[in-house]
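Please open the structure in your viewer and keep the selection panel at hand. The tour goes step by step, each stop saying what to select and what is there.

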Amino acid sequence: MRDSKEFRHGYWRSLEHRAMSYDQEADGWREFAPGADTRPATSLSRRRFFGAMGASAALAGATATTGCIRKPAEEILPFAERPEDMIPGKPLFYASAFEEGGTVAGVLVESQDGRPTKIEGNPRHPGSQGAASVFAQASVLELYDPDRTRFPLQGGEQAEVRDWTATKDAVSTLVEGFVAKQGKGLALVMRQVISPTQRYQLQQLRRRLPQARVFVDDPMMPANALAAAELVGGEGARSFHALGETQTVFAADADFLGTETDHIRLTREWAKTRRVQRTTDEMSRLYVVEPHLTSTGTMADHRLRMKSGAVGDVMLALARALDGLGVGWPKSGEGVVAQLPAVSLDEPTQAFVSALAKDLLATKRRSAVVVGERQPVWVHALGTLINAALENNGNGQRWLFDRESPKLEPVAELARATDVEAVLCFGTNPAYDTPAALGLADKLAGLTTVHFGLYRDQTGRIAKWHIPVSHWLEAWGDVQAIDGTVSIQQPLIAPLHDTWSMTEWLGLVASGSMLDGYSVVKYGYAERLGGGFNDKTWRRWVHDGVVSGIPREPVLPVLDWKGLPEAVAKGRRPAGGVEVDFHLSPKVGDGRLGNSSWLQELPHPISKLTWDNAAYVSAATAAGLGVGNGDLLTLTVGGRTLQIPAFIAPGQADDTISVPLGYGQDWGSVANGPGFNAYELLPSGEGGLLEWFGEGSAAKAGGTHLLVSTQDYGTLKPPVLRGMEYPERPIVIEATRQEWAKEPDFVEKANLMEPERLHHLWDPPKLTGKQQWGMSIDLNTCVGCNACMIACQSENNIPVVGKAQVNNGREMHWLRIDRYFRGDENNPTAVVQPMGCQHCEAAPCETVCPVAATTHSPEGLNDMAYNRCIGTRYCSNNCPYKVRRFNFLAYNLDVRPGKFWTDDPDGARLAQLQKNPDVTVRFRGVMEKCTYCVQRINQAKIEAHVAGHDKVADGTIVTACEQTCPAGAIVFGDVSDPESAVSQLKAQNRNYQVLRDLNNSPRTSYLARIRNPNPELV
Amino acid sequence: MPAIFPRWTNNIPIAIGLLAPLVGAGLIFAVWYWFSPKYTDVGYRPEQPVPYSHKLHAGDMGIDCRYCHNTVERAAHAAIPPTATCMNCHEQVKTESLRLRKVRESYQTGEPIPWIRVHQLPDYAYFDHSAHVGAGVGCASCHGRVDKMVVVEMRQPLSMGWCLDCHRNPTPNLRPLDQVTNMDWTPEAEAYDPSRDPDRKRQVNPPLHCSGCHR
């Protein structure tokens, strides 16, 4: 065996994993979580078991004797008139757009016989550039959510069902009543209005009800960034980033690869600057300062953990450092830096700032300072000044004017308002997603509140009227991305519950008459554009998913930083004591996606927690508080308290406690339960903006809460046990640019065995296919955003199993993302690695299957024939990558975890509609795993064969994970063709196979992670 | 003490010994014969809501299969035609026929006609018509002489073994690509060699592995 000591980096998946020692009982270490082999607790007694057995035997007898061995008769219901272009069984794709928190993803929605089943990215959309986010992927499940309200309800908690006409009349009458008063007393609560149609409707509203107040309640909107842009550029100024050409990026508490606005486009562009082939290729460098480890933090070349409150000081020091280096400040920003307070930083931070300043200046015009939404306005404004000084305007930082957006009041003002009688909540949930200290829930309960939304959530329950609305896949609409791109949303299906859309309802309020959404959207454009609009352009917009051909005047705001010193003086607070940080959950956002079982079960990108949030604390802070994972903490901020379990997060800044928002809800069969409601503590700040961090305190509360994290399940690597030292197995491999340049074949050196020593015990299967499928995953660009996992889930009918089953290690994800830490337990670096079936050429699973249910295809696929599988699980046992999943229970029959389909047949029928008809829905007792989307391979092959070609052209087959990956890290194709994209990638010297020493010859290979540290800081 | 069991019961073990193998063999035969799709499926002939005769339309009048099943070359399903296809002709002919009442009703109301599926594969088997038609497998190879059926019935078992028989040796079931829907074409009459057919752009290579049909 090779001495690969120099590559013994010591990767670990959790602190427990790191500290694990020899386990006497397990004679080594535990491969599976304790309890993985226990049966689920059921109340099935012996007597009932025999009863059920007798009944099923009798049933079997009955079917046999009545001779019904034939399958039950099935009907075929053809259309009376088949719509044009519709071929039964062939999916159609329609362009639309998904929006969340100002992030617009142009999407193509797959429609199977009229049912939208899957969201794909739209390559024509500049915001998503062919990718989609985890939220966009999951929103198709929301459409079919059995919890969606199906009828209008009147009367608060004990609501009664009303019919649609009565509801419409009631809303109409309510609004009419305010017309005489010029709208005084009427309030609307909107999300950030990024729909041009809705903006237009709000202008109409201003004319009809000039005194009506419009509030905005949207924790996912970039309110601080918008406020800073207006502070610097005047009203209507908007700034955003473009990272495609950058060489140095500084993320100041900005998770721009995860939860920040426009994260899809930013990920795509940033990944472009990290895709390297040769050691001499240019590669961007990423500096990050943040309180808790985020996806962006895992990708950092240099990362400092610090309090959110200290990030502003780093920015101030950076400005000073740049000033010291003689950067040319813009005219209107000259002398501003001298007026800013001087800060003193500790030694490592100062070194970080000096190196960063030099790097930024050296790469000026090709750098970007990205300030996170969690930072206050003045930090954002300072960021724009630094970007301007680095001449990044027009490159890394871009500006435009938004003249159409109406000025909306922050929802905090509603809490203070005394003149409001009736509140119309349009898709917002202010009773939940506003700082609880505002007391909006009580206030709304006392007013005439009308709630328009998908679910009867906190606001829906206290509202006088709760009116269900159409999902975005059921309605006409439009959205404008932050860079100005407008997309038309088109309905994929008639409203499942006969609802009207938000736009239609808003039209009723704004104009007094309800028009259908199609007319509202289309004729709105006709009216605004006049002669420039015709049916042909409209059809092209709808088809492409992008509104094009409207000339835009590139008016740039005049920037002026004179107000910055004052803003700093007003906004800057010393960072002392314990800081409680709030952030948007990368899984459920601000809570609006909380009823999605896909998202709840999805492991958190960093902590790998499922079905919960937690208070993330560093190991040192946890030790100080005397808590471990799952021990309840009492957090206090501004006199309000919250009990929430602690979870020790490596990479967390000491004396900070990070809490994701969006949990602890009390409605819906999925949202009700998971996690703890951090809005209870969230402070409301100056000008109604949210304060994302604040001074607080924490104490051990006593008691525990079960937190389920998948970080220790299915690990590929045994921990390094004391007294059992062995070399690190090649699972994740990384090097710095310098190391790579010195040793271009470093991945080869990481293998433990010489290639000559590898032999097969038996002959591997013959691979006679004309094409050989394989995959390449670039660890240098994969940011671990989880979008691929949800894409896989929706493409392949993967069920959710619920928290209790995940706790037994029984989650079903075909593709998971492993996250490895390395180094110091408090401040490690991290690597993420997507892990699905590796499609080994000499697959260990195949040789142990007693019934040949898993066999090899001539094209190199590791096939799984569900109907042959008898459920021995030998294959899973023998899989070195632990990617096989077993249906311990009939998870696919569960509409929602814990709720069986017979409890809710209507809901079951709804949930069925999402299933992909091209993939078998698996039942209890069978093994399953990634198939490389064999349904897509077969489809492409059949199409090629019918056209008379033997081979499928490269790039025709795009797997679900590859399609949606914002970073473009996954590439699939024919590895037998040296010209194919995947072969080109595999030919790179960074290419390696995980656990090559086992000689499985996996078809999925990885490109090693390259870090690009600043030599000055090493 | 009198004997509880009469003397003849002593023969029971011998009888069981003799009968058991027979019963066992009978059971095996019963399952092999009566549980096989050859028995359960071949000849399945459900009554359809509309007494549509393939013999009349495809046989006597010679309408091509693809006039109605027009997706067969492009999609997995050889879709049952929409009612509108029937009405292309029946708006002109047999406009008063009682047998066509349901067709007219469907056309007027937009409600589909509930046809009963005859050729029904299990849900985990993914058959694709376009691939087979594109390879030159005749309709009649799997569906039999539909042009002679007044009521459509299953002629082949459509079992996995039956599929694989052809996938292992497809040549006897291949025909020129322009003869796919020709019901009268017989391999015996025309000595056809697909490998020498200049119209074929590629030679068929049917999958024998699991994921060829199961996914």
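What follows is a tour of the place where two chains of a predicted model meet.

Begin by selecting chain A and chain B in two colours, and then show the residues at their interface: 44 residues of chain A are in contact with 45 residues of chain B. Between them the two chains bury about 4000 Å², and 56% of this area lies on carbon and sulfur atoms.

Next, turn to the charged and polar pairs that cross the interface. Two salt bridges are found there, and one of them can be shown by selecting A:Asp950 and B:Arg202, whose closest N and O atoms are 2.8 Å apart. Across the interface of chain A and chain B there are also 18 residue pairs in polar contact, counting pairs in which both residues have pLDDT 80 or more.

Now keep to the side of chain A that touches chain B, and select strand S2 (75–76), strand S34 (854–856) and helix H29 (934–946) of chain A, the elements that give two or more residues to this side. Which element gives the most? It is H29(A), with seven residues. If you colour this side of chain A by class, you will find 20 nonpolar, twelve polar and twelve charged residues.

For the last stop, select S2(A) together with strand S1 (residues 115–116) of chain B, which pair in the antiparallel sense over two bridges. Within this pairing, look at A:Glu75, which stands opposite B:Ile116 in S1(B).

Notes. Residues are numbered from 1 along each chain as its sequence is written. Chains are lettered from A and ligands numbered from 1 in the order in which they are written. This is a predicted model: local features need pLDDT of at least 70, side-chain atom pairs count only at pLDDT 80 or more; totals for chains, interfaces and linings use all residues. Side-chain values use heavy atoms; hydrogens and water are left out. Contact means heavy atoms within 4.5 Å. Buried area is the accessible area (1.4 Å probe) that two parts lose on being put together, summed over both. A salt bridge is a side-chain nitrogen of Lys or Arg within 4 Å of a carboxyl oxygen of Asp or Glu. A polar contact is a pair of N or O atoms within 3.5 Å; within protein, one must be able to donate a hydrogen and the other to accept it, and residues adjacent in sequence count only if both atoms are side-chain atoms. Helices (H or I, at least four residues) and strands (E, at least two) are DSSP runs, numbered from the N terminus. Ala, Val, Leu, Ile, Met, Phe, Trp, Tyr, Cys and Pro count as nonpolar, Asp, Glu, Lys and Arg as charged, and the others, Gly among them, as polar. Two strands pair if DSSP finds at least two bridges between them.
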